[in-house]
2 protein chains.
Amino acid sequence: MSDRDRRSGVTGGSGAGHGGGAGTEGARPDDARRHNRTAVLRRLHLGGPCTRAVLAGELGLNRSTIKAVVDGLAESGFVSERLPARRSGAGRPSLLVLPRPRSAVALAVDIRVDRVSMALVGLGGENLGRLSWRLRAPAREPREVLTRVIESAGMLAEELDTAVVAAGVSVPGLVRRADGLVRESPHLGWSDVALGERLSAGLRIPVTVANDAELGALAEHHRGVARGAADLVFVVGDVGVGGGVISGGRALRGAGGYPGELGHMVVRPDGRRCHCGCRGCWETEIGEAALLRALDLAPGTPRGELVAELRELGAKPAAALTRLAEFTDWLALGLVNVVTMFAPEVVVLGDLLTALPQPVLGTVADRVRERSMVSRAIGHTRVVRSALGTEAQLVGAAELAFDPVLVAASGV
Amino acid sequence: MSDRDRRSGVTGGSGAGHGGGAGTEGARPDDARRHNRTAVLRRLHLGGPCTRAVLAGELGLNRSTIKAVVDGLAESGFVSERLPARRSGAGRPSLLVLPRPRSAVALAVDIRVDRVSMALVGLGGENLGRLSWRLRAPAREPREVLTRVIESAGMLAEELDTAVVAAGVSVPGLVRRADGLVRESPHLGWSDVALGERLSAGLRIPVTVANDAELGALAEHHRGVARGAADLVFVVGDVGVGGGVISGGRALRGAGGYPGELGHMVVRPDGRRCHCGCRGCWETEIGEAALLRALDLAPGTPRGELVAELRELGAKPAAALTRLAEFTDWLALGLVNVVTMFAPEVVVLGDLLTALPQPVLGTVADRVRERSMVSRAIGHTRVVRSALGTEAQLVGAAELAFDPVLVAASGV
């Protein structure tokens with residue numbers, strides 16, 4: 001874009017000069033402007049830098065609308081523009097639009113049974129800085145965790161010389177979405193902790209709290225191997241087992257905003273007793289404790305040792321299938337049920353489950369293919385490993401925080 | 001409304017005179033008008049006659065907007081108005097607005113394993129006429145069923161001297177929503193039947209086809225015991241077992257528009273072999289065949305005899321619990337899983353399951369209460385009997401047909 005163009009640009013353009021744009025039909029010009037700003041910002045945040053021409057094509061907006069929106073976002077400081085490194089074709093090159101990471105920074109917090117991780121994430125998804133600490137009783141008390149999260153957030157922000165606009169928090173448990181009440185987190189030993197309200201008061205920014213598996217699903221949907229899939233299930237195997245469902249592009253939640261607990265589906269009615277009151281929950285049969293049992297490792301064996309053992313088994317397919325035969329059965333049975341009940345196009349296995357030997361995962365995928373009539377009907381559900389590793393919850397928590405930020409930014 | 005009022009009314013009112021109305025913020029006047037027309041029509045269709053004042057209150061519209069919308073709908077023939085029978089309070093009485101059943105008539109078709117039922121349903125949900133016939137091989141061939149449905153629809157319409165504007169069809173099986181392809185209906189013995197397209201061509205009206213359990217859920221949501229619940233699961237026990245899920249007020253579907261198949265969730269891994277390829281599906285353990293086994297009745301015993309036996313057991317609580325102990329276990333286990341995975345506020349049991357003795361249903365509800373941590377978190381999922389009986393699918397099919405009709409009517 002030349003200086004002349006820039007000067008003549010419609011900045012923050014309201015009025016009748018706007019093109020239609022997806023979803024804006026029938027909206028007032030101001031709504032159209034806001035809608036378009038959010039759409040462009042979200043595209044840049046999730047998809048990374050791209051040219052104005054690509055923005056126009058992907059969002060179905062005409063060039064003059066894109067110009068007006070991008071100029072407006074640049075003026076507000078959310079994006080910058082530059083000439084692309086390589087020019088392609090003749091004519092004026094389309095300017096590359098880049099999100100400016102420090103124009104909106106979110107705090108992501110991942111509270112696990114044994115560790116708390118925090119990150120400051122900039123617009124565009126860049127990790128600007130992070131820290132984590134091990135969690136052991138009694139430091140696992142809500143008050144201790146809250147205090148340290150609030151202090152650490154302040155430190156991180158100061159270190160990076162940035163302000164934080166919103167926070168997203170991942171918790172392994174039943175979370176009420178509206179106010180971030182942790183109703184029950186058996187593995188943390190928390191019940192009825194007003195986490196959202198207390199963090200929001202301490203951090204003085206909007207805080208959204210969600211279930212860890214739900215955030216894993218969100219991460220896979222936006223930035224993981226299930227990117228672009230509207231219907232997916234994320235299954236996280238850690239100390240506990242959880243599942244997050246995205247259906248029609250939206251996180252599935254039930255009454256009171258609580259998502260389901262896939263890890264407490266009963267798969268083995270005569271199985272072990274679970275802390276939830278049932279026998280043979282999926283969690284009881286495929287959680288960390290079940291893996292340790294299958295591999296004859298003592299309860300409490302460090303995670304690193306367990307993962308090393310699994311990796312070693314990866315080189316011995318026959319041994320892997322034999323030693324993990326029972327584990328494989330229950331993992332497969334649960335997945336068949338999940339696919340049959342939610343009809344996802346892809347199931348992503350996260351965390352500890354990504355360390356399973358390939359033959360085990362192959363067997364599981366085959367079982368789903370053979371045994372789920374729903375999988376057959378929809379042309380077969382893919383079962384894949386997460387590539388986000390233990391970062392999935394942190395990535396999801398950042399997206400949880402960014403969602404309202406992207407909308408609010410459109411009104412700036 | 002006096003004649004003077006009627007003459008001076010804004011008919012089909014477009015322009016700037018409209019009040020806001022829920023969900024219309026930022027929309028153009030024409031959109032607001034259409035939105036309000038659909039909202040009023042849907043309220044009258046689902047909720048029955050009510051006064052203008054009630055409409056205004058429920059829909060958050062001001063009186064002049066309601067007047068304009070109702071006048072417009074009256075002019076298009078969709079509603080009539082009359083003074084309420086009883087006057088309450090002083091001042092001018094609010095006119096009662098009634099849907100006119102014959103202003104929009106939908107065809108509802110319920111194809112079951114052993115019977116096809118059809119009904120013409122008027123705006124407001126009134127059943128204007130119906131017929132049904134028993135289905136036995138070879139009349140169960142898709143071509144036979146299609147021909148008879150098309151002929152019967154013509155007969156019904158002629159008899160009632162009415163035109164039909166759309167049709168909804170219920171099928172026990174996996175249905176692709178977009179085009180009404182029946183991908184697989186094991187109990188009908190159908191696979192890849194282009195039911196939607198063929199019926200639409202034969203009837204010359206828009207036809208929507210859906211899974212029977214999904215339509216049961218829709219019926220319970222709109223006109224049944226779960227009315228007003230945004231998160232519910234409907235479980236239908238017939239020859240097969242199915243489940244329909246409404247989540248956040250919307251029917252839950254997965255990839256390709258296929259809903260899940262709750263009846264093929266495995267609840268008993270060492271159970272009987274199911275036609276789907278698994279062992280111990282919920283359907284295998286709580287379907288009609290399982291009930292017959294539990295009661296020592298021969299396979300193929302007529303449904304009436306089975307229901308009579310169940311009703312008799314209803315008078316003998318102890319005997320009911322003993323004889324149906326195993327059946328109760330599997331019903332409860334499946335329900336615990338369903339509640340744990342979908343977090344509904346209510347589960348509605350339909351069809352054959354409504355005939356179960358009360359002590360069995362009580363036990364099942366208790367188990368859900370005790371064993372599902374999700375049920376505990378959301379303040380306890382209710383487990384209730386459907387009051388729609390075998391009509392649920394027909395009611396749901398009518399609503400399926402009406403949905404686009406109500407939207408289209410707003411543009412008339």
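Two strands are said to pair if DSSP finds at least two bridges between them. Strands (E, at least two residues) and helices (H or I, at least four) are DSSP runs, numbered from the N terminus. The structure is a predicted model, in which local features need pLDDT of at least 70, side-chain atom pairs count only at pLDDT 80 or more, and totals for chains, interfaces and linings use all residues. Residues are numbered from 1 along each chain as its sequence is written, and chains are lettered from A and ligands numbered from 1 in the order in which they are written.

In chain B, an open sheet is formed by three strands in the order 8-9-10, with antiparallel pairing. Strand 8 (174-176) and strand 10 of chain B stand at the edges with a single partner strand each, so one side of each is left without a neighbour in the sheet. From one strand to the next, the twist averages 15°; angles run from 0 to 180 degrees between N-to-C directions, and axes are lines fitted to C-alpha atoms, for helices over the stretch in contact. Strand 9 (residues 181-185) of chain B is joined to strand 10 (residues 190-193) of chain B by three bridges in the antiparallel sense. Within this pair, V182(B) is opposite V193(B) of strand 10. The two strands form a hairpin with four residues between them, and G189(B) in the turn has a positive phi of about 75°.

A further open sheet is found in chain A, where three strands follow the order 1-3-2 with antiparallel pairing. Its edge strands are strand 1 (50-51) and strand 2 (79-82) of chain A, each of which pairs on one side only. Two bridges link strand 1 of chain A to strand 3 (residues 96-99) of chain A in the antiparallel sense, and C50(A) has V97(A) in strand 3 as its bridge partner. Helix 4 (residues 63-75) of chain A packs on this sheet and touches strand 2 and strand 3 of chain A. The direction of helix 4 makes about 115° with that of strand 2 of chain A. Here and below, two residues are in contact if their C-beta atoms, placed from the backbone, lie within 7 Å.

Helix packing was examined in chain B. The axes of helix 5 (residues 142-159) and helix 6 (residues 195-203) of chain B come within 10 Å and cross at roughly 35°. On the side of helix 5 of chain B, L146(B), V149(B), I150(B) and A153(B) meet R198(B), L199(B), G202(B) and L203(B) of helix 6. This contact has six nonpolar, one polar and one charged residues. Ala, Val, Leu, Ile, Met, Phe, Trp, Tyr, Cys and Pro count as nonpolar, Asp, Glu, Lys and Arg as charged, and the others, Gly among them, as polar.

The domain assignment of chain A gives domain 1 (3-99), domain 2 (103-214 + 393-409) and domain 3 (225-387); such bounds come from an automatic or database domain assignment. Between domain 2 and domain 3 of chain A, the C-alpha centres lie 26 Å apart. Their contact takes 13 residues from domain 2 of chain A and 17 residues from domain 3 of chain A. On the side of domain 2, strand 8 (174-176) and helix 7 (212-223) of chain A are the elements that give two or more residues, and helix 7 gives the most, with three residues.

Chain A is superposed on chain B by a rotation of 180° with 0.1 Å of shift along its axis (RMSD 0.1 Å). The two copies are therefore related as by a two-fold rotation axis. The superposition is by least squares on the C-alpha atoms of residues with pLDDT of at least 70 in both copies. The contact between the chains takes 41 residues from chain A and 42 residues from chain B. On the side of chain A, helix 12 (325-342) is among the elements that supply at least two residues, and helix 12 gives the most, with six residues.
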